[in-house]
Each structure stands twice: as C-alpha cells, then as structure tokens.
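These are my notes from a pass through the model, written down in the order I looked things up. I start with how I describe angles, then go element by element.

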Amino acid sequence: MPALLEVEACTKHFGGLVANRDVSLVIEPGEIVGLIGPNGAGKTTLFNCISGALHPDSGRIRLQGVDISRARPERVCRLGIARTWQVVRSFGRMTVLENVICGALRRTNRVGPAHARALELIAFTGLAGKEDTPAAGLTLADKKRLEITRALATSPRLLLLDEAMSGLTPIETAAAVELVRRIHRELGLAICVVEHVMEVVMPLSHRVVVLDHGEKLTEGPPAEVARDERVITAYLGDRYRARG
Amino acid sequence: MAASSPPGRAGRAQQVAWVLAALVAILYPIPFEQSGYVYYETVGFLVLLNAMLGIGWNIIGGWAGQFDFGPNIFFATGAYTAALLSIHFGWNAWLALLGAVVVSVIICAAVTYPITRLRGHYFAIATVAMWMIAQPIGATWELINGSRGLFLPVATGGGFVHGMLTMEFAGRGKGLGFYYLALVLFALTVWGARAAERSKLGFYFRAVRDDQEGAEGIGIDSRLYKVIARCLMAAIFAAGGVLYCFWALAVFPDQVLEVNWNILPMMAAVVGGLGRLWGPVLGSIILIPISQLMTATLGAGPLAGRGIDLIIYGAVIMLIAGWRPNGLLSLPWERWAARLLGRAPAQPVKS
C-alpha cells in the first residue's frame, strides 16, 4: 500500500533562484503534517507543485502511487487533492452558497445534489446564515473559511491549507485551528498545513517538516523540531544563538 | 442564482408582469400590420435579433468573463452555411439552420481552443484578430462567391404558415413573418440560456470568470469551459445569421461581418446588465429603437449626412454607461415595484 502522497526529490527553479531543491516528503492517510519555514523558504512553491499549479523541474510527486508531477490542477483535484490559497481566491461575485456548490459539482453533474451537499458543508464549517452573502463581502476570516468549505466540497483525500490562519486575529486563529481539528476528526482527511507562525502549527501537527532556503532542513514530531538547533537558527538567525 | 418567484402577492405580480410582457411581444406587430407602418415590424425584428445575439454574447462576456470582440464571424458562418445548403442542396430553412449551427459550433471549438490559454485583454485581442482574418476570407473565397455575395431565391407565394416553416415570405406579410420567426428563435434562446445558467455550466462559467486559478483548484478545466461558453455563443450567433440571410435574401461578406453585429449585442448586454439573463434584452429594447428612430428622424432633413443621429446615439450610451456602469438591471426595480404596489417588501428579493 503506497503512502497517500509521496514527494520524491522535488526541485523547482525560477530562473537562477532555487525555490525547492531535492525536497522529499511523505504524507500518510489521516495525518496532519505541518510545513513550516521562514518567509521565502519555498513552502508555497512546494504546494503549487503538489497541486499542479507548477510542475517540478525534476523529481516525482505521487498520489496513491499515481504520478501527478505533470498533471494540471483540475486533474490533481479530481484525483483527490484540494487546496486553499495564501491570497484568497474565492469567487467574489458569487454567493457563499454558489461558491461551495461549484466545489460540490466536482462529484456530481446535477445542481440539486450539489446544493444539498453545499448546505451540509456550510453548516459543518460554521458559515450557516451567510449562504446568500456575496463572497467579496465576507471578512478575511470568513473568506478563508469559505475556501476551506469549497475545497471540502470536492471530497478530497488530502487537504492542503496554505496559510489558512495567517492575517487573522487571535480569536479567529483559534477558531480556524479548531475547524482544522474538526475536519481531521470528523472527516478523517489527511491535512497538510503551511504556516510560518510556529505557535499555530506546533500544537496542531502530528509531524512537522521544516524548509529553509528551498531545502528540507529536518522533520519530526513538533516537540523535537522546536528544540532543533538548526530550526532555531533558521527562524531567529545566528545572532540569537550567539547571545544564547 | 436566479431566485424562483417569491410566494404570495409579489410572486403573483411577477407572474402577471411576465404574462403581460409575453402578450405585448406577441401582439406588438398587429397594429402596424393593420395600419401599414410595417417599418416598425422591422424595428421589432431587429430588437429581437439583437436581444438574442446579446444573450449569446452575455454567455462568454458576462458569465464566463471573457470579452469577445469578434462574435460576428459565427453570424457569418451561420449565414453562409445556411445559404449554401439552401442554394446548392435545396435544404429547408430550419434544417439549414440546424446545419449552420452545427458547422459554426465546430468551427468555433477549433479556433477557440488555442486562444483559451490567453485571458483578459489578450483573449479579447485574439478575438479581434480572428474577425480581421475572417474579413479577407469572406471577401475573396470563391466557394462563397467572394465579395459578389450569395443570393437566395425570392419566394413566390405561400401563406403565413408556409412562410414560418420555410422562412420565405412573399410580398406584404414579410415584416410580420420575420418578426414572429425572430420571436420564436428569441424564445428558444432565452429558454436555452436560462437552462444553462441554472446548470453546472452556469456555475462553472462564473467560477472561471471570478478566479481562474481558484476554479482550476476545485477541478474545473478552465480552457474547456471557455470553449463551451464561446460555442454556445457561436450557436446563437449562427442562428441569428441564418435568420438574417433569409430576411435579406443575400449574404455579402461586408454585411454579415459588419462591426455592428459585434458591437450592438455587446452594448445591449453592458447597458442592460452584464451577466444577467435579461440584461441584453432590456439593453436591446432601449438601444435598437433609439438608433432606428435617430436614423429615421435626424438622418434626413437639414442635418442629414452629418452623423448627428450617431452622435446623439453615442451620447445616450455614454450617459447610461457612466450613470449605471453595472447596467440598468442593477437598479432597485423590485423595491420600486413594491412601492408601486403600496407596501414594503417583506424581505429583500434577489434576482
């Protein structure tokens, strides 16, 4: 039985800049994996490679043994990976309900069943009462919540959350963390969370992968990673270590 | 999504309004037929034709959000295909219409797929380029007789029913007949566009419009749905072209590829309300009679030949576009209707 997602030596250049170099990563079913690293570490690039928005220059990405290294985003979604974006990409002129229906239409061709499924998920993620609000009129926290709902509507096996909690107030962040926990607990999805805020990722993740300058620095349980000298250096810089 | 009619009195008022509108549309040409002012039948014909084309353009421009500045190439392919089928093979007009729609959709799919990689202004430029390429082809291709054009036989007899079945009318009844032919095609277009709007297509078109990456991320093949949207538009433009060629009894490249077949449907959609099913219809009802009226009154007399009619026409469009950039349908019609009925609406009604 192959792992849910296998990233094998993924390398991606943008001109002379190496965004990812030989990054390997495995995600098992039902696991929450945190992908962390300072700004510019290559987290979003890796996400884009996995979700098909970009294609790696070399290396392989497999979903349950199927090679998706060169697949287009819509095919990756059909195969079972759904994602959200760092900069929200909700359908602004459509209502919350219509946004989620668009996601639910991935698994059916009929609007009726998609409508019913969308209402269920809107209730599940706590957007009930805002069905008829145009997405452009939501708060940032609700827009991010809507993206998660829309992604869930495509019935994925793996959910990729790109900074789903950044830019939120502490209360909103706590609510978002709770939502991710509920998705994991009640829907049993594997989730990969990109964040640069350590305080959010550490308590949430079963396992943490640290990227720095495009390379994998280390990975392991959150408690171990947080004590890792290299991680501290990457986040805080040499000066802090020198001062002790 | 278009709300179904709200229950109660407002719903009944809406139903009454629809029935009245349908009656007006059906009865409109009768007084002109009686009194002999058949010119107004032609105005009605042009309103319906442009409304239909506007609905077609709205699918790609309003729902899928890809501005197409060359839809009239499918008006032309439709007119030419039907004319050729009718002249060389003696096909019945309705059969020729079906053939013209199929041919135009195939051509549209073939030429549109490559340009769906483009978006925004670049897509728009590519559609203009297609139109520019179509013009010399239309003017020189021997199969369609180049700039000498194709001529359809003039009907020699037959009554109203025969005319409706063959799109051939002899003598006085022509204005009336073509008004009703246009009404039939218009009604079919509205019905089809409404069905598309409420189906998966309607949702996916708007998703691609609002955020293409977002749409692809939830499994929507944006290129495929752009092609589908433009093919639906092409089908409607082809049907319009067929109607036009049997009306004009001739197909000339500079007539069917005339820029107004691009601009009027587009303006009707924008003035009435981009992305709303009835937007182009309202726009067409306003713009076409103004343009015809201006030409009929100001195009003659002391000011003739100075383009005063076109200047005023342009000014009207600029006024509406500047005052209501989201189109006239974005005005709070429901609130006004409720006030007219003498009560506040129980809840804001969405359309």
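Angle words first: I call angles under 35 degrees roughly parallel, over 145 roughly antiparallel, 65 to 115 roughly perpendicular, and the rest oblique. Axes are lines fitted to C-alpha atoms, for helices over the stretch in contact, and angles run from 0 to 180 degrees between N-to-C directions.

Ground rules: this is a predicted model, where local features need pLDDT of at least 70, side-chain atom pairs count only at pLDDT 80 or more, and totals for chains, interfaces and linings use all residues. Residues are numbered from 1 along each chain as its sequence is written, and chains are lettered from A and ligands numbered from 1 in the order in which they are written. Helices (H or I, at least four residues) and strands (E, at least two) are DSSP runs, numbered from the N terminus.

**Entry 1: a helix pair in chain B**

I looked up helix H8 (residues 174-198) and H11 of chain B. Their axes come within 11 Å and cross at roughly 175 degrees, so H8(B) and H11(B) are roughly antiparallel to each other. For contacts I use C-beta atoms, placed from the backbone, within 7 Å. On the H8(B) side I found B:Phe178, B:Leu181, B:Ala182, B:Leu185, B:Thr189 and B:Ala196, and they meet B:Leu232, B:Ile236, B:Ala239, B:Leu243 and B:Trp247 in H11(B). For classes, Ala, Val, Leu, Ile, Met, Phe, Trp, Tyr, Cys and Pro count as nonpolar, Asp, Glu, Lys and Arg as charged, and the others, Gly among them, as polar. The contact of H8(B) with H11(B) has 10 nonpolar residues, one polar and no charged.

**Entry 2: the core**

Which residues touch the most other members of the largest nonpolar core? I get A:Leu158, A:Ile191, A:Val193, B:Ala79, B:Ala229 and B:Val242, out of 161 residues in that core. Helix H11 (residues 222-248) of chain B gives the most to it, with 19 residues. By nonpolar core I mean a set of buried Ala, Val, Leu, Ile, Met, Phe, Trp, Tyr and Cys residues joined through C-beta atoms within 7 Å. Buried means 20 or more other C-beta atoms within 10 Å of a residue's own, exposed means 12 or fewer, and partly exposed is in between, with C-beta atoms placed from the backbone. I also listed the contacts of A:Val193, leaving aside neighbours within four places in sequence: A:Ile32, A:Gly34, A:Leu35, A:Leu161, A:Val180, A:Val201, A:Leu204 and A:Ser205.

I count strands as paired if DSSP finds at least two bridges between them. In chain A, six strands form an open sheet with mixed pairing, in the order E6-E7-E8-E3-E9-E10. Its edge strands are E6 (81-83) and E10 (215-220) of chain A, each pairing on one side only. From one strand to the next, the twist averages 20 degrees.

Strand E7 (residues 158-162) of chain A runs parallel to strand E8 (residues 190-194) of chain A, and five bridges join them. A:Leu158 has A:Ala190 in E8(A) as its bridge partner. Helix H6 (residues 170-187) of chain A packs on the sheet, touching E3, E7 and E8 of chain A, and its direction makes about 160 degrees with that of E8(A).

**Entry 3: the four-stranded sheet**

Chain A has an open antiparallel sheet of four strands, ordered E2-E1-E4-E5. Strand E2 (17-27) and strand E5 (66-67) of chain A are at the edges with a single partner strand each, so one side of each is left without a neighbour in the sheet. Seven bridges join strand E1 (residues 5-14) of chain A to E2(A), which run antiparallel. A:Glu6 has A:Val26 in E2(A) as its bridge partner. The hairpin of E1(A) and E2(A) has two residues between the strands, and A:Gly15 there takes a positive phi near 60 degrees.

Most residues other than glycine have a negative phi. I noted A:Ser155, with a positive phi near 55 degrees, in the loop between helix H5 (140-153) and E7 of chain A. A:Ser155 counts as partly exposed because it has 17 C-beta neighbours inside 10 Å. A:His213 has a positive phi of about 50 degrees and lies in the loop between E9 and E10 of chain A. With 14 C-beta neighbours inside 10 Å, A:His213 is partly exposed.

**Entry 4: where the chains touch**

How many residues does the contact take from chain B and from chain A? I find 19 residues from chain B and 26 residues from chain A. Helix H9 (200-210) and helix H10 (212-217) of chain B are the elements giving two or more residues to the chain B side. H9(B) gives the largest share of that side, six residues. By class, the chain B side has six nonpolar, four polar and nine charged residues.

Methods
Two residues are in contact if their C-beta atoms, placed from the backbone, lie within 7 Å.
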